[in-house]
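Here is a short briefing to read alongside the model. Please keep the sequence and the structure in view as you go.

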Protein chains: 4
Amino acid sequence: MLKSRSFASDNNAPIHPEVLAAITNANNGDAIAYGDDAITQQAELLFKQHFGEDSEVFFVFNGTGANVTALAHLTKSYHALICAETAHIWHDECGAPEKFTGCKLHTLAAPNGKISVEQMLPLLHSVGFQHHSQPKIISITQATELGTVYSCNEIKEIADFAHNHDMLLHIDGARIANAAAALNVSFKEMILQTGVDVISFGGTKNGILLGEAVVFLRKELAKDFQFVRKQSMQLASKMRYISAQFIALLSNDLWLRNAQHANEMARLLAEKVQNFPEISITQKVQTNGVFANMPKHAIEKLQSNYFFYVWDNERSEVRWMTSFATTPQDIDNFVDALREALR
Amino acid sequence: MLKSRSFASDNNAPIHPEVLAAITNANNGDAIAYGDDAITQQAELLFKQHFGEDSEVFFVFNGTGANVTALAHLTKSYHALICAETAHIWHDECGAPEKFTGCKLHTLAAPNGKISVEQMLPLLHSVGFQHHSQPKIISITQATELGTVYSCNEIKEIADFAHNHDMLLHIDGARIANAAAALNVSFKEMILQTGVDVISFGGTKNGILLGEAVVFLRKELAKDFQFVRKQSMQLASKMRYISAQFIALLSNDLWLRNAQHANEMARLLAEKVQNFPEISITQKVQTNGVFANMPKHAIEKLQSNYFFYVWDNERSEVRWMTSFATTPQDIDNFVDALREALR
Amino acid sequence: MLKSRSFASDNNAPIHPEVLAAITNANNGDAIAYGDDAITQQAELLFKQHFGEDSEVFFVFNGTGANVTALAHLTKSYHALICAETAHIWHDECGAPEKFTGCKLHTLAAPNGKISVEQMLPLLHSVGFQHHSQPKIISITQATELGTVYSCNEIKEIADFAHNHDMLLHIDGARIANAAAALNVSFKEMILQTGVDVISFGGTKNGILLGEAVVFLRKELAKDFQFVRKQSMQLASKMRYISAQFIALLSNDLWLRNAQHANEMARLLAEKVQNFPEISITQKVQTNGVFANMPKHAIEKLQSNYFFYVWDNERSEVRWMTSFATTPQDIDNFVDALREALR
Amino acid sequence: MLKSRSFASDNNAPIHPEVLAAITNANNGDAIAYGDDAITQQAELLFKQHFGEDSEVFFVFNGTGANVTALAHLTKSYHALICAETAHIWHDECGAPEKFTGCKLHTLAAPNGKISVEQMLPLLHSVGFQHHSQPKIISITQATELGTVYSCNEIKEIADFAHNHDMLLHIDGARIANAAAALNVSFKEMILQTGVDVISFGGTKNGILLGEAVVFLRKELAKDFQFVRKQSMQLASKMRYISAQFIALLSNDLWLRNAQHANEMARLLAEKVQNFPEISITQKVQTNGVFANMPKHAIEKLQSNYFFYVWDNERSEVRWMTSFATTPQDIDNFVDALREALR
């Protein structure tokens, strides 16, 4: 274990006690494997409440698994995917999307983590031209890898554009709860009503042990996805233990409490660090991450006590993430160490 | 939950209490993600004790993930894999090996789940012939899908054959613990000393929540495997919780106690059912499965009270699996129900 | 060049003079690349005359390219293909179908090169079961790799079975002309009216330099295939020279004359060799191949003068292929050499 | 056929008469298929003369096939390729490199078609980081897609950089002859002595019917490539006809005469069009392409008489390609039409 709170990533956090309790409670006798159990059925019902009656949910192991299976399911290998240059599917999955979909990825500049319809227009020139991969899915991350969020209107605009050009909209929702908390909207408002087609719904970064969910917003899109999941090595045999965690997360607003708390801790951190003239915050603090430029020597000093990542070495930019487990005291201690490091 | 003990699969069983306790104990503060934590380092050391100093272990999510990443890592797409027609990689992974390795799978008849060097000889005709996939990996399952086991000598013979023909030997060890218990040998004797190159080491079917391990027996074979694991969507972020389970499993001989118990329950079941003249056991009961022919009408009746699979509908053959959680009382109850069903 | 006629394969033959003339005639000034030229348009019209107005043809480089692109286009990677164990797609394409479709191939025993609906029934058990690849395409070879042919009724029966189970029927027609000649039917009767979905239409083995065609029998099946062809590295830039060859082949019944002649030469050869008591013909001689068992010592002697393949070493079985270029004199010379070798 | 000379691409040109004669001459009797014939052996010897005794050549069907098989052979799917954003492998192969290698492609800005070592430095940050694809092959195009050429020193610098970082250098040489003609160097000087590892050697754009060659500069790199070629659907059965073309091309300096002539025609065209004040040439005219900005209305007018491509619609930039078949009279006629169009 780390001796101090990690500010490196929300996946450095432990399991939330309510989630661990759910696992323990599920550990009672035998259950049919591969999702044919009562706990999984209950979890599926909960997802329908959050994403609509026509939605279909499938549990997988991790975020890369959720993204890649969703994208592979809805494409042929001659299709192209469109995403931000900061997107996890482009930058942090060791080429899994290329390997498993066979598709080309077109990346768009995204200084604040977000991409816009205007940027996608030139890619339409490829449509119908046999030498070019055919644009098929736009994938956006909500909240973005830079801690920012798309408004519901912005999502809807991209969804409409996608549908007007025979494309689909995928959301990488590894931190979708943080985004919903930030926007103060329900998943139905943010995902279903904006026209999103499929979302990778994150659990691991919001307090569970392990597990993500692929949610198709329209049942027809989910047809045969079970085979993609299995073939992609993402079907858990003891499924009940993943399902139980999602029941805990979606019950009693745990997902929201965790996300709100993590966001609040980032806001608190940002508030405190902006008093240091040597530090400049580089992105809007809308969810649970704070991006900031600070002197190189201070980074090294601070890292001797705290684990976090340098985001951009050249710009001397760091990323600090908070989680459900971060406490106000953790923030105070961190800010003290930061003050010390800046001397 | 099922109202009665499942005889369908050892993955219908719950988490062993010692494993659940290990998860709970690991849930203490923050930890670096993706395996760079102290718990994972401890687990890796334990594996070296069981598989030799030159071995390297990598944790993945499930058995298909372990098999496919191991095979993909050691092949190019023009290679061929050789396995039993009953092999999980051929029969039960929805084509994941073909999709992710690109390789051809050659299946060999295996009435008792086992394959032999003699059967592989004709495949050597393809070596060097540009129109044919090139044989590269032999994959055997230990214990087999039919509950039988290869002796150490049999494994060594196949390993020698593989190495003599520029091939490698992979073991699908989803039930490797049951095999080791049956043969009363250590993993070093069965795997390292016989010349196996890589093994998918099973945990899920032996009492853990979720997790399997790919163990390369020689470090050189493991080079760059980390990238295959990540690209194959098999890298857990909160790795400590998988590692903690394996520490529990490999400590205090839990792996062996669980496997011995499961094997013993199968032996007990076999002993009792062989008294029924309507039932004939079709495979040697060497590990934790009992295969038997029985009248169709009795199958249906018994299935109304107990969950298990018909293995071969035409032959009216069933498969009954036991696990660490099966009790002698479960066996008695099951045999009572069976007696009733046979009337 | 070989000093004597090859009996190894119809692809050892040269280019038919009418085809070479067509290439020479096409070599006149500039033409738009990639199929947007007048010669290609003319070739496409000719194919519609042979396969119906709703058909769509795409030219590719070789037989493996035709098979693999057709199969990849109509499948997702979790599908399964069904074929004879003698099928080129299973046996002679170095795993290209597995690599490029990602699909599992189920092979059926085919002592005479042909498979039947009865053999496919057990594979239907997998339908809807998430652990198994889903049967999607039946691929048969016409004429088969053993020189035999399916009757139109047999093709229709398989097509009906395929369609009744949400599958499609593909024909590997590397020697489709020989089959049509043998059955004395048009392509419309054999392919369109029987319900075939897609055919790899062979040219190379019937007298052209290089080129095969993928013909979809219904336009809807061809949608977006152009991208599969390009991505599969099968789009020729100077397409006119492939198209010109097919125009030659489909004009003045050259395809039929070549095939009839090749078939007739095989019939003649079979007629003559059956006089030798040491030789037994092992397959019906329906097209342009003769399969026969003969003494090993005589094989070696004959091979010192003639190039041909041993088909099955254990059975001492040889394959002799004829082509449009084989002459009655070639047959006489070969039979003389055979007589000599048998002494 | 087009009524006037095409300025769209060198692949709009016909077959050079010497090449067609070579095909005709090869059409003499039977020959063993798949490259085991005397003509192919002779062609292979010629390639060794041009690329060194330790080189190995393999003939394939087209440029995409050459590029993709070379790249797939030398990579695992977790590798990354580095190329210019203008590269054919990125821009014009419908995602074939992604589909068949599984690799990520990193593109670098290349206003003049060329990339430099400085641009690649940031990509080295990914080395050894399991979340990122691992840089493995640098691919440059010579001559570039913009008609420019790398000097031998520039190639050597990139090759050295590649080798210093455990990478390889691939050249897409679809127009390698034009580059060699422009630099007035032999292939040995430009390719072997600079340290290139593998080249896609182009034939189709320099006067042959169809065919490209993959040349590995060191035999060890070629090991097992035959299987990649076959599995990639790039093995011609009647290989002699591809080999014969390459013999013609590499004999009597035909490759050089064709390339010099095409280059000279582009130089002549550039010389003439630079007299028009409405036209500005945008790239150095080093090989057989002229890139120029010109008024939109004139483009449309000119296109009614001549076939060529608009390269960049926004910038009103066109591309004019010349070939071995372009004559000085063609240039004069074209310039006359251009003058007319500009009025």
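C83(B) is buried, as its relative accessible area is 0% (buried means under 20% relative accessible area, exposed over 50%, and partly exposed in between, with a 1.4 Å probe and protein chains only). This is a predicted model, in which local features need pLDDT of at least 70 and side-chain atom pairs count only at pLDDT 80 or more, while totals for chains, interfaces and linings use all residues. Residues are numbered from 1 along each chain as its sequence is written, chains are lettered from A and ligands numbered from 1 in the order in which they are written, and side-chain values use heavy atoms, with hydrogens and water left out.

**Cysteines**
- The count of disulfides over all chains is zero, where a disulfide is a pair of cysteine sulfur atoms within 2.5 Å.
- C83(B) is accordingly in no disulfide, and the nearest cysteine sulfur, which belongs to C103(B), is 12 Å away.
- C152(D) is partly exposed, with a relative accessible area of 21%.

**A buried glutamate**
- E98(A) sits in helix α5 of chain A, residues 96-101 (helices are DSSP runs of H or I with at least four residues, numbered from the N terminus).
- E98(A) counts as buried, at 2% relative accessibility.
- Apart from neighbours within four places in sequence, E98(A) is in contact with W90(A), C103(A) and L105(A), and also with E98(D), G102(D), C103(D) and K104(D) (contact means heavy atoms within 4.5 Å).

**Two helices in chain B**
- Helix α8 (residues 176-183) and helix α13 (residues 254-273) of chain B pack at an angle of about 75°, with their axes 8 Å apart; axes are lines fitted to C-alpha atoms over the stretch in contact, and angles run from 0 to 180 degrees between N-to-C directions.
- α8(B) and α13(B) are therefore roughly perpendicular, a term for angles of 65 to 115 degrees.
- On the α8(B) side the meeting residues are A177(B), N178(B), A180(B), A181(B) and A182(B), and on the α13(B) side W255(B), L256(B), A259(B), Q260(B), A262(B) and N263(B).
- By class, this contact has eight nonpolar, three polar and no charged residues; Ala, Val, Leu, Ile, Met, Phe, Trp, Tyr, Cys and Pro count as nonpolar, Asp, Glu, Lys and Arg as charged, and the others, Gly among them, as polar.

**Relations between copies**
- Chain A superposes on chain B by a rotation of 180° with 0.0 Å of shift along its axis (RMSD 0.0 Å), using least squares on the C-alpha atoms of residues with pLDDT of at least 70 in both copies.
- These two copies are thus related as by a two-fold rotation axis.
- For chain C on chain D, the superposing rotation is 180° with 0.0 Å of shift along its axis (RMSD 0.0 Å).

Note on methods:
Angles under 35 degrees count as roughly parallel, over 145 as roughly antiparallel, 65 to 115 as roughly perpendicular and the rest as oblique.
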